[in-house]
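Subject: Structure handover

Hi,

Here is the structure for your review. My notes on it follow below.

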Amino acid sequence: MTEAFKIAIKIFGGVAVVVLGQIFLKFFIEPRYERRKTIGVISDAILNYLWIFASSGKNQNLDHAQKASKELRWLASQLKSRTVAIPCYSFCARIGFLRPFSEIESACKALYGLAYYVNYSDFQVDWQAKMKLASKVAYSLSIADIDSDTFRYFKDLTNIDNEQS
């Protein structure tokens with residue numbers, strides 16, 4: 001083999017490794033990373049709007065409730081769309097590499113339920129029903145920083161505020 005041919009093979013091999021690495025990154029790593037970021041935003045939204053979930057009956061601040069409802073609906077659609085964007089998702093879920101799609105569906109339904117209950121201020125919804133939906137989202141997505149104690153603690157604080165009034 002000539003020296004030029006050896007150099008050409010090395011260059012072609014290097015380019016092939018870079019191209020295959022980018023294909024793997026764009027099709028397998030990035031969609032999973034984007035979905036994980038969405039789950040982080042969902043966690044943030046649940047913690048941020050916990051005070052709205054803890055209220056029963058008529059909301060005092062309709063603007064915040066409408067904003068929360070819109071954001072929760074958007075997050076549910078983002079979660080589902082970013083989940084189906086992952087190639088071979090069902091196979092990866094079957095072998096335990098990713099969460100089963102049924103749990104993603106469960107989280108999306110709970111997010112839509114929260115969005116509905118938060119938006120309709122006339123609708124008398126017990127705070128426990130909203131907290132149960134928020135807890136279902138956290139459980140389905142394995143959000144570690146939200147557990148049942150988080151909801152219990154927040155409701156205890158709102159009870160203390162109501163007793164002082």
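In which helix is Ser69 found? Ser69 is found in helix 3. More on that residue follows further down.

First, the ground rules. This is a predicted model, in which local features need pLDDT of at least 70 and side-chain atom pairs count only at pLDDT 80 or more, while totals for chains, interfaces and linings use all residues. Residues are numbered from 1 along each chain as its sequence is written, and side-chain values use heavy atoms, with hydrogens and water left out.

**Overall**

The protein chain has seven helices and zero strands. Read from the N terminus, the order is α-α-α-α-α-α-α. Helices (H or I, at least four residues) and strands (E, at least two) are DSSP runs, numbered from the N terminus.

The chain has 165 residues, and 34% of them count as buried. Buried means under 20% relative accessible area, exposed means over 50%, and partly exposed lies in between (1.4 Å probe, protein chains only). The accessible surface of the chain comes to about 10400 Å². Carbon and sulfur atoms hold 61% of that surface. The areas come from the Shrake-Rupley method with a 1.4 Å probe; for residues, only the protein chains shown count as cover.

Take the contacts between residues at least 6 apart in sequence: 74% of them join residues at least 24 apart. Contact means heavy atoms within 4.5 Å.

**Core**

The largest nonpolar core has 37 residues. Such a core is a set of buried Ala, Val, Leu, Ile, Met, Phe, Trp, Tyr and Cys residues joined through side-chain atoms within 4.5 Å. Ile42, Phe53, Leu79 and Leu141 have the most contacts inside this core. At least two core residues come from each of helix 1 (3-48), helix 2 (50-53), helix 3 (62-84), helix 4 (89-94), helix 5 (101-119) and helix 6 (127-140). Helix 5 gives the largest share, eight residues.

What does Ile42 touch, not counting residues up to four places away in sequence? Its partners are Leu75, Leu79, Leu111, Val137, Leu141 and Ile143.

**Helix 3**

Helix 3 has 23 residues. From its first C-alpha to its last it reaches 33 Å, close to the 33 Å expected at 1.5 Å a residue. The expected span is 1.5 Å times one less than the number of residues.

Buried in helix 3 are Ala65, Ala68, Ser69, Leu72, Leu75, Ala76, Gln78, Leu79 and Thr83. The buried residues of this helix pack against helix 1, helix 2, helix 4 and helix 5.

Back to Ser69. Ser69 is buried, with a relative accessible area of 0%. Its side chain reaches the backbone oxygen of Ala115 at 2.8 Å. A polar contact is a pair of N or O atoms within 3.5 Å; within protein, one must be able to donate a hydrogen and the other to accept it, and residues adjacent in sequence count only if both atoms are side-chain atoms. Leaving aside neighbours within four places in sequence, Ser69 is in contact with Ala115, Val118 and Asn119.

Leu62 is also found in helix 3. Leu62 is partly exposed, at 36% relative accessible area. Leu62 and Asn119 are 57 residues apart in sequence but 7.8 Å apart in space, C-alpha to C-alpha.

**Cysteines**

Cys92 is buried at 15% relative accessibility. Cys108 is buried too, at 1%.

**Loops**

Most residues other than glycine have a negative phi. Two residues here have a positive one. Cys88 has a phi of about 60° and lies in the loop between helix 3 and helix 4. Cys88 is partly exposed, at 48% relative accessible area. Ser142 has a phi near 55° and sits in the loop between helix 6 and helix 7 (148-164). Ser142 is partly exposed, at 40%.

Leu98 is found in the loop between helix 4 and helix 5, and is buried at 7% relative accessibility. Not counting residues up to four places away in sequence, Leu98 touches Arg32, Arg35, Ile86, Tyr89, Cys92 and Ala93.

Best regards
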